[in-house]
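Please look through the sequence and the structure below before reading on. The paragraphs that follow lead through the model step by step.

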Amino acid sequence: MVARFMTLKEAVASCIKDGDTIAMEGFTHLIPHAAGHEVIRQGIKDLTLIRMTPDVIYDQLIGAGCAKKLVFSWGGNPGVGSLHRLREAVQEHWPHKLEIEEHSHAAMANAYDAGAAGLPCAVFKGYRGAELPRVNKNIKFIECPFTGESLAAVPSIRPDATVVHAQKANKKGDVLFEGIVGVQKEAVLAAKKSIITVEEIVDDFGDISPNAVMLPNWAVTAIVEVPGGAHPSYAQGYYKRDNAFYKAWDPIARDREAFTAWIEEHVMNGGPEDFAAKCRANKA
Amino acid sequence: MVDYTPTEMMTVSAARALKNDDVCFVGIGMPSAACNLARLTHAPELTLIYESGTIGTKPDVLPLSIGDGELCETAMNTVAVPEMFRYWLQGGKISVGFLGAAQLDKFGNINTTVIGDYDDPKVRLPGGGGAPEIATSCGEVFLVMKQSKRGFVQKIDFVTSLGHGTGGDDRASYGVDTKGPSRLITDLCIMEPHPVGKQFIVTSIHPGVTREDIIENTGWDVEFADEVAQTPIPNENELKVLRELHARTAKAHEGQQ
């Protein structure tokens with residue numbers, strides 16, 4: 001089935017439902033914030049949220065009560081401090097209890113790769129002498145059948161839906177990623193459905209390398225044009241990371257009332273059309 | 001007499017540990033400042049790699065996060081994150097991993113996961129990120145961390161990343177054949193592992209610091225090498241380059257809305 005162009009509201013409503021396992025990826029770069037807000041607005045619940053670096057986007061989803069479980073490898077606001085909504089969910093069970101499954105980056109990167117490759121698990125040289133295998137039953141060790149070497153194994157990641165942001169789609173619905181491409185391609189290919197928000201839809205991509213990181217339209221479910229949709233993260237070639245916002249998030253997230261008021265004002269009473277304006281001051 | 005802070009002393013000492021031909025996997029925070037200082041002073045060809053996939057990056061300002069655009073724009077090449085961890089790190093292509101920690105023991109085992117019990121933590125820290133495999137797959141590991149009794153403890157609450165385990169040849173018992181932590185640079189001194197026992201021993205003390213200062217700020221029984229050196233003070237160029245780097249970084253990060 002070929003990708004369909006949709007509104008963000010339609011894309012989220014048709015690809016994500018209560019109880020799903022969702023990956024929203026983007027390694028500092030191209031984080032699909034506008035789509036995260038739409039999930040909160042639609043009041044979707046009991047999600048298992050997967051993300052290597054659950055920064056502000058998952059702090060918002062967790063604080064808004066969308067998540068029952070988090071699968072992650074580094075949970076912080078980079079260069080700023082803790083994720084206070086995540087921390088409060090883990091330590092105080094607010095707004096409710098949050099189950100966590102914790103890995104290393106290498107494990108998750110391998111698990112996405114294995115998911116994209118149609119494998120049930122990922123095998124790698126990892127977790128040696130580390131304590132996470134004691135507290136995470138999804139980390140096991142297996143023996144190489146050829147050399148006898150002990151190797152770590154984790155289940156592959158195969159989300160119900162993956163949500164990512166990219167720079168461009170063309171009119172056919174093929175998608176182009178540039179810059180720090182993280183695990184976006186693997187996360188989309190590992191998932192049953194996918195939503196890609198893009199900065200713009202163009203007639204054609206012009207002069208790009210034949211080795212550019214792309215997804216063909218038949219490997220994607222929904223495409224939504226949301227200029228600025230990665231704010232406060234960045235989209236290389238469009239706008240820079242809004243580091244000031246990441247710093248400003250800290251006091252907002254520390255306080256339940258401030259957080260709730262922020263969600264009400266910027267998410268419940270906002271929409272994807274608000275994002276372009278947020279990036280104007282930070283043009284790349 | 002050049003004037004400098006203990007943190008500057010630490011960063012400069014950490015930078016000096018890197019060689020021009022090193023390929024270094026850079027942890028965020030203190031390691032990032034040290035690695036870029038090395039590149040901007042004595043090691044211009046030093047290859048810096050960040051886990052966001054940037055290879056051979058030469059940022060003009062320090063990244064706030066490890067995937068800032070600056071890293072990609074100034075890199076020789078940017079690869080996907082699975083390739084970074086599989087081919088480059090796990091494949092054994094990286095000579096030095098440079099890490100920080102929240103808690104450290106005398107064998108260089110690192111905790112960045114929790115303070116207290118894992119299931120009911122006193123403080124939930126960010127977690128391991130790339131560190132568990134950086135610690136075992138890089139040729140050797142340099143650690144940089146401000147010294148305090150809270151951070152330098154007898155027993156860490158959680159082993160996020162393996163150092164020398166329980167000492168001796170314990171590290172190798174996990175099937176790990178890399179050197180592990182070979183240098184610990186703090187704001188007071190430099191420590192290196194004992195050749196047999198692998199516990200950290202003080203090999204160089206920063207000027208103006210006493211043995212008592214080090215003992216008072218360490219949670220384990222500090223051992224000193226038979227011959228302890230005095231760390232050379234930062235030179236004018238190192239300080240100038242470091243301060244300019246921090247000034248550019250502050251300006252770049254505050255210049256945004």
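This is a predicted model: local features need pLDDT of at least 70, side-chain atom pairs count only at pLDDT 80 or more; totals for chains, interfaces and linings use all residues.

**A walk through the model**

A:P95 is found in the loop between α4 (84-92) and β5 (99-102) of chain A, where helices (H or I, at least four residues) and strands (E, at least two) are DSSP runs numbered from the N terminus. A cis peptide bond joins A:W94 to this A:P95, with omega at about 0°.

Residues are numbered from 1 along each chain as its sequence is written, while chains are lettered from A and ligands numbered from 1 in the order in which they are written.

Chain A as a whole comes next. Chain A has 10 helices and 13 strands, and its C-alpha trace spans about 55 × 50 × 35 Å along its principal axes. For 284 residues, a compact globule would have a radius of gyration near 19 Å, and the 19 Å of chain A agrees with this; the radius is taken over C-alpha atoms, and the globule rule is 2.2 Å times the number of residues to the power 0.38. Of the 284 residues of chain A, 56% count as buried, a term that applies if 20 or more other C-beta atoms lie within 10 Å of a residue's own, with exposed meaning 12 or fewer, partly exposed lying in between, and C-beta atoms placed from the backbone. Among the contacts in chain A with a separation of 6 or more, 76% are made by residues 24 or more positions apart, two residues being in contact if their C-beta atoms, placed from the backbone, lie within 7 Å.

Several strands of chain A can now be followed in turn. Strand β2 (residues 21-24) and strand β3 (residues 47-50) of chain A run parallel and are joined by 3 bridges; two strands pair if DSSP finds at least two bridges between them. Within this pair, A:A23 stands opposite A:I50 in β3(A). Together with helix α2 (residues 33-41) of chain A, β2(A) and β3(A) make a right-handed β-α-β unit, right-handed meaning that, with the strands pointing away from the viewer, the path from the first strand over the helix to the second runs clockwise. β3(A) also pairs in the parallel sense with strand β4 (residues 67-72) of chain A, over 4 bridges, and the bridge partner of A:T48 in β4(A) is A:K69. Here too a right-handed β-α-β unit is made, by β3(A), helix α3 (residues 56-63) of chain A and β4(A).

The loop between β2 and α2 of chain A holds A:T28, whose phi is near 65°, a positive value in a residue other than glycine. Because 24 C-beta neighbours lie inside 10 Å, A:T28 counts as buried. Helix α2(A) also packs against helix α1 (residues 8-15) of chain A, at an angle of about 65° and with their axes 10 Å apart; axes are lines fitted to C-alpha atoms, for helices over the stretch in contact, and angles run from 0 to 180 degrees between N-to-C directions. The contact is made by A:L8, A:K9 and A:V12 of α1(A) and by A:A34, A:A35, A:E38 and A:V39 of α2(A).

Another part of chain A is an open sheet of 3 strands in the order β6-β8-β7, with antiparallel pairing. Its edge strands are β6 (121-124) and β7 (140-143) of chain A, each of which pairs on one side only, and neighbouring strands of this sheet are turned by 40° against each other on average, direction ignored. β6(A) is joined by 4 bridges to strand β8 (residues 150-155) of chain A, the two running antiparallel, and in β8(A) the bridge partner of A:V123 is A:A153. Helix α5 (residues 105-116) of chain A packs on the sheet, where it touches β6 and β8 of chain A, and its direction makes about 130° with that of β6(A).

Finally, the two chains meet in a contact that takes 45 residues from chain B and 48 residues from chain A. On the side of chain B that touches chain A, α3 (69-73), α4 (81-90), β9 (121-124) and α5 (131-137) of chain B each supply at least two residues, and α4(B) gives the most, with 6 residues.
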